[in-house]
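Work through the exercises below with the sequence and the coordinates at hand, and compare each step with the solution that follows it.

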Amino acid sequence: MRPTDTSNPDYFHRVVDCQWACPAHTPVPEYIRMIGQGRYADAYMVNWVSNVFPGILGRTCDRPCEPACRRGRVEENNGQKAEPVAICRLKRVAADMKGDVKARMPTIVPFNGKRVACVGAGPASLTVARDLAPLGYEVTVFDGEAKAGGFIRSQIPRFRLPESVIDEETGYIFDLGVKFRHGERVDSMRELLTRHYDAVFVGCGAPRGRNLDIPGRQEAAENIHIGIDWLASVSFGHITEIAPRVIVLGGGNTAMDCCRSARRLGGSDVKVIVRSGFDEMKASPWEKEDAQHEGIPILNFHVPLRFEHESGKLTGMSFDVVKAEYDKNGKRTLVSTGQPEVFVACDVVLIAVGQENAFPWIEVETGIAFDHWGLPVLNEHSFQSTRPEVFFGGDSAFGPKNIITAVAHGHGAAISIDRFLNKQDVNQRPAPHVTISSQKMGIHEWSYDNAISDDHRFKVPWAKAETALANIRVEVELGFDAATAFKEANRCLNCDVQTVFTRETCIECDACVDICPVDSITFTTNGDEGDLRKRLKAPTLNLAQSLYVSAELKTGKIMVKDEDVCLHCGLCAERCPTGAWDMRKFLLITSQAGNARLGGKVKEPA
Amino acid sequence: MTYLTKPHLHHPTLTRNKVGYTRRDYEGKISTLCAGCGHDSISAAIIQACWELDIEPHRVAKMSGIGCSSKTPDYFLGASHGFNTVHGRMPSVLTGANLANRDLLYLGISGDGDSASIGLGQFANAMRRGVRMAYIVENNGVYGLTKGQFSATADRGSKSKKGVINKESAVDLVGIALQLGATYVGRSFSGDKEQLVPLIKGALGHGGAAFIDVISPCVTFNNHSGSTKSYDYVREHNEAVNRIDFMVTHSEITTSYAPGEVTDVPQHDGSMLRLRKLHADYDPTDRLAAMNYMNERHSFGEVLTGLLYVDSHASDLHSALNTSRIPLNALGVKELTPGSAVLEKINAGLR
């Protein structure tokens, strides 16, 4: 193999699994350390700069970081169940305990003469607004609802996300001078374009819930609801109760929100019924666990056949029981088992089988092209549509995803809009800000806590079931207290503190090889990657993780380090007599519009 | 030194040996030696060897004297028996332990000061008596604990870190061991585990006195350009006479070599050493020839390593003294107090 090029920011970035997996590339270990130090406001601001909605995301994020977390791999075969660091819930700790951060918010510069319209007040639009407003842009956000947040406000039940958190975090954005035209739904793009905005950002989400058109749908329509519409009505207080027996169709996170909401509004017999197998359900594992925890059964491999009704009054549903069969290519088909139909009695059905994009308000003559899935034709890096001054982001860009992806789109689109309005090429993307600095403070003293915690993942305490189920506005999760947050933060391996090898000073004494608790380091003769992976002290087949390879050393061997399960404990550097290993903190902050680091007031400890 | 305890988490694919332990289970406390010390590599090689041999840790007794080397038994085999003796007295304490319980595996750890200076007489006599043990000297040629004076194994003409030339001739522990009747004699280098691990495995399975001189650079005081015990010097002058390729039983040997290329040496414990020759005219079963060859190569400045001599018909002190087969702590009252009739018989024999 060729020596690893660590000057490419991607190399060390990839080692920080959580940050690499995060669509917004939030520097996770950086803020977890701050939480461990009790610097909640600093931790909050690191998050706020990167993902705009720390308090909201700390409760609701899809957390792609957690399945990626190295801790989940290193704990494997080391005793109890391997679990990642509770990154998401630590983020909430920062949000809950930060105190007043208003003084840390960016200062606004005078109007720069450019006006930007954002359609929809969801996370993507609000991110665009936040990134552009401090640069002097006049940003106007349009939304049909009275309050900002989009799906954050209408879809996520209050027992998971209190409204005060939404108000606070959307408020920080409007405090930057962003104009909010609430109750003003944009129903014509053509008309909007005549209002002389210099750029338009579309962040209107994927607002249409998919229907299930099977027999009985029309006849029993009164007691059959589309999940996301029903959730919105619950959210806005239009619906406050539900009949006792409820079937929720679908296996995604919306289905989980529907069933848990129904449980709180009077549904005493709520069931989730899903076509696929339990393991293939789209809902995040923890959301399924939470639903089951509240006594909601999940019936899998049931394909809906009919809504059953008696002269228009819904009585239940009939299902065909299926099993999964896989062909040579691993493609799954659901095949009937031939068992008799299953009838499940119910009073109400909530359909949560997916969402669709809908742009009836964008006229053909605006020059904005759509593909055959009904999605806008975009440059995937710049988010620019076929009409140069119109940009898309969030669910309205590439279909339904999640909040953190919408935020990432918002940052990207803001960069594009800023470049576009400064007559720069939107296809040129700014490089991230990267620093790497040694953490050595003295002989075997590091400026990070390199002792490895043996603790297992801590559980977030819950409100008592009888309290939580009695009121839809009572938040179920109580959040970690400071002491537990400290312990959970200590589980973080500090993967951003990189093991950096200097070939020139290595004397090949093997001290690092001998001390490494996870056998990550090998000195051997060079070979191609497949061959090297087999010859390591602990052979590795996890191809998703890189090998860190040095140039040839004095004896003709090379140093190979398998990044996979490195604990970042720094013992290699402690046992190295010549300082050939050093622990260096790699901090990557993605660029944002104007290349300015927003709210860059993350204070180093005095 | 490192202040942390080594993290308990281990690689997810770490395997267990036949007695149910991972390699990590053979570790001890974290080393307090200087970073990069060759001794730590030797500890790692001992850990590897014991894991590979499926040795139950409680079947091992590790003994040592005084010095950097003699601290190391704290850093491996944390679940084994141990005794840290007075300076240079490891061989006699080990001999005593061995006579009391012949069922344990004895590992004697010593250094160049401990064995070639203060304990030279102890070393010589343990070799001479054929105490069944693996005697490992971690040889760095300096007194590290007292700031780097030449030790008795420092080569004449080599330079100290301060630039002083050593005018005294070196004690050659390998030569003495050969002369005094050790039946398994090897030399190795802490920076070459491929050679060292099989050598230690062979020593642990040997039926008599097994001695390994391991050159182990002192990174703090003896790893500079004038040293003959530095990483660079040893690597440049290292001449391995053979490699131990296999440690298997007779029936399992499958690889074939041309005649003369390999020597098979059956061991006391039923295992087998297969030695692959690297020096064509070297015969590790001929003591006299081995000594001559070593001296000859030494005059050319070569550091000869590998298994230098082995006698597969080794016997030990127990057979020479015809001692009890059963460990003393397992003998019952009946054996220990055989009664007045037996006493009369013994007394009669002495009259």
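The model is predicted, with local features needing pLDDT of at least 70 and side-chain atom pairs counting only at pLDDT 80 or more, while totals for chains, interfaces and linings use all residues. Residues are numbered from 1 along each chain as its sequence is written, and chains are lettered from A and ligands numbered from 1 in the order in which they are written.

**Exercise 1.** Determine how α3(A) and α4(A) pack.

Step 1: Helix α3 (residues 28-36) and helix α4 (residues 40-51) of chain A pack at an angle of about 165°, with their axes 8 Å apart; helices are DSSP runs (H or I, at least four residues) numbered from the N terminus, and axes are lines fitted to C-alpha atoms over the stretch in contact, with angles from 0 to 180 degrees between N-to-C directions.

Step 2: Because of this angle, α3(A) is roughly antiparallel to α4(A) (over 145 degrees).

Step 3: From α3(A), A:E30, A:Y31, A:M34 and A:I35 meet A:Y40, A:D42, A:A43, A:V46 and A:N47 of α4(A), where contact requires C-beta atoms, placed from the backbone, within 7 Å.

Step 4: By class, the residues of this contact are six nonpolar, one polar and two charged (Ala, Val, Leu, Ile, Met, Phe, Trp, Tyr, Cys and Pro count as nonpolar, Asp, Glu, Lys and Arg as charged, the others, Gly among them, as polar).

**Exercise 2.** Describe the side of chain B that touches chain A.

Step 1: In this contact, 22 residues of chain B face 30 residues of chain A.

Step 2: Two or more residues each come from α1 (38-52) and α8 (231-237) of chain B, and α1(B) gives the largest share, four residues.

Step 3: This side of chain B holds 10 nonpolar, nine polar and three charged residues.

Key:
Contact = placed C-beta atoms within 7 Å. Parallel < 35°, antiparallel > 145°, perpendicular 65-115°, else oblique.
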